[in-house]
Amino acid sequence: MKKLLRIEDLTKGQILHQITFDVEQGEMLAVMGPSGSGKSTLLYNVAGMDQPTSGQVWLGDVEITKLSEDEKARLRLHRMGFVFQQMNMMGDLDLIDNILLPATHANRGKGQRSKEELNLRAHRLMEKLGIAGMEKRRVTQVSGGQLQRACICRSMMNEPEILFADEPTGALNKSAAAEVMGELVKLNREGTTILLVTHDSRVASSCDRIIYLLDGQICAELTLGRSVACAKKQREEKVSRWLMEYE
């Protein structure tokens, strides 16, 4: 498979120490580790939201770590999507307008899409993620799971090559978490590469591969391959047994 993301000797102060790994195009990779191990710091440095002390991060043929802040912002807007535990929706806007925000911001200059095209994409994404009919609801009028699905819609508006997710189910109950993970797996199967941070072994078991951080270094890796519904329990047990060696 083609490498989409390449991280080489990434170091961030005293938090991360010479992290090196690749993410294949179309892969779904989980980063796990105890609190304070550097999981979120790794994600933010890989995505260009923070600047590492040293090392390189490549997205395709673009070296992110050499870009200016403005260039990194454009790269994130056009080629990356983000889903966070804290959903950061604007309370004074309804769901559809929140979902449209990144596309509206990106839709400037040559080749811009019409307002009708953007609205159609937003509606199709909402239908795909099971929240059609909620377009005019405010963030306080939907459940946590529905709101996180809207966040996923927002992250996919600009058709990103890679989706970064930081504890995407961390604020959800077990049922809503399972539903949101099901939607992320669907997006991955449709071709979106996903790099997610999680502390939840059930979430990680849906991924193709897991890397485990300890004291700012990768200390272990587990390859699971593509998840299938009939093997869900076995995958979760395998991940739990593997984690017992490090936790």
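Me: What span should helix α6 (residues 174-189) have, and how far apart are its end C-alpha atoms?
Reply: Helices are DSSP runs (H or I, at least four residues) and strands likewise (E, at least two), numbered from the N terminus. The expected span is 1.5 Å times one less than the number of residues. For the 16 residues of α6 this should give 22 Å, and the end C-alpha atoms agree, being apart by 22 Å.

Me: On what basis do such values rest?
Reply: This is a predicted model, in which local features need pLDDT of at least 70 and side-chain atom pairs count only at pLDDT 80 or more, while totals for chains, interfaces and linings use all residues. Residues are numbered from 1 along each chain as its sequence is written, and side-chain values use heavy atoms, with hydrogens and water left out.

Me: Which residue caps the N-terminal end of α6?
Reply: The contact is polar (N or O atoms within 3.5 Å; within protein, one must be able to donate a hydrogen and the other to accept it, and residues adjacent in sequence count only if both atoms are side-chain atoms). A side-chain oxygen lies 3.3 Å from the backbone nitrogen of Ser-175, and the capping residue is Asn-173.

Me: Which residue with a positive phi follows α6?
Reply: The phi in question is near 120°. The residue is Gly-191.

Me: Which residues does Leu-184 touch, not counting residues up to four places away in sequence?
Reply: Contact means heavy atoms within 4.5 Å. Leu-184 is among the buried residues of α6, and what covers these includes β3 (28-32) and α5 (144-156). The residues touched by Leu-184 are Met-28, Ile-152, Leu-163, Pro-168 and Ile-194.

Me: Is Ser-205 buried or exposed?
Reply: Ser-205 has its place in the loop between α7 and β9. Its contacts include Arg-235 and Glu-236. With a relative accessible area of 3%, Ser-205 is buried.

Technical notes. Buried < 20%, exposed > 50% of the residue type's maximum accessible area, 1.4 Å probe, protein only.
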